[in-house]
Amino acid sequence: MIRTLPAKLLGTRQQRLAERQPSRGGRVVAYVLLFLLGALVSLCGGFVQTLWAPAGLLLALAASVAVFYGGLRVTGTKLGAGVPLAGWFLVLMVLMAPRPEGDFVFAAGFTSYAYLFLGAVGGVICATLPTRSGFGFGAPIH
């Protein structure tokens, strides 16, 4: 059987679903760290996508999706992808708010809109991938 490149890198679905579930305490710590990591990636990505367009946009999107997918794989739950997405989105809301001085981070342009839209789509895609546990708001269903 010939395996595709994504299957070689990420493993097959059966291999991913057979991975061991982390402990509850480990998942809680991971959720907190993933929220902070998602916020940090959002902050850095907001500047990188503007400074080094168009390669910066690809770098920022790759980093965002990597955090979302990494959260899914580390925790084994859909919440593992949703928590960094929430941190990512929260920082974006702060960065998009106008300041009294008239400064802003996201200009009205293609790269800003692409970062917002494609980052959110990537997060939703990662949050809907199959996981090791059933749906239970991050708690495995036995």
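The legends below describe close-up views of a predicted model.

Residues are numbered from 1 along each chain as its sequence is written. Local features need pLDDT of at least 70 and side-chain atom pairs count only at pLDDT 80 or more, while totals for chains, interfaces and linings use all residues; side-chain values use heavy atoms, with hydrogens and water left out.

**View 1. The ring pair of Phe68 and Trp88.**
Two aromatic pairs turn up in a search of the whole structure. Rings of Phe, Tyr and Trp (its six-membered ring) pair if their centres lie within 6.5 Å; planes under 30 degrees apart count as stacked, over 60 as edge-to-face and the rest as tilted. The centres of the Phe68 and Trp88 rings are 5.9 Å apart and their planes stand at 90°, so this pair is edge-to-face. Phe68 belongs to helix α4 (residues 55-75) and Trp88 to helix α5 (residues 79-96), so the pair ties together parts that are 20 residues apart in sequence. Helices are DSSP runs (H or I, at least four residues), numbered from the N terminus. Phe68 counts as buried at 1% relative accessibility, and Trp88 counts as buried at 1%. Buried means under 20% relative accessible area, exposed over 50%, and partly exposed in between (1.4 Å probe, protein chains only).

**View 2. The ring pair of Trp88 and Tyr115.**
Here the ring centres of Trp88 and Tyr115 are 5.6 Å apart with planes at 65°, so the pair is edge-to-face. Trp88 lies in helix α5 and Tyr115 in helix α6 (residues 110-127), so parts that are 27 residues apart in sequence are tied together by the pair. Both Trp88 and Tyr115 are buried. Phe68, Trp88 and Tyr115 are linked into a cluster by ring pairs.

**View 3. Helix α6 and its buried residues.**
From first C-alpha to last, the 18 residues of α6 reach 25 Å, close to the 26 Å expected at 1.5 Å a residue. That expected span is 1.5 Å times one less than the number of residues. Among the buried residues of α6 are Ser112, Tyr115, Gly119 and Cys126. The buried residues of α6 pack against α3 (24-51), α4 and α5.

**View 4. Gln49 and its surroundings.**
Gln49 is found in helix α3 and is buried, with a relative accessible area of 0%. Its side chain reaches the backbone oxygen of Gly46 at 3.1 Å. Leaving aside neighbours within four places in sequence, Gln49 is in contact (heavy atoms within 4.5 Å) with Gly56, Leu57, Ala60, Phe106, Thr111, Ser112 and Tyr115.

Note on methods:
Helices (H or I, at least four residues) and strands (E, at least two) are DSSP runs, numbered from the N terminus. A polar contact is a pair of N or O atoms within 3.5 Å; within protein, one must be able to donate a hydrogen and the other to accept it, and residues adjacent in sequence count only if both atoms are side-chain atoms.
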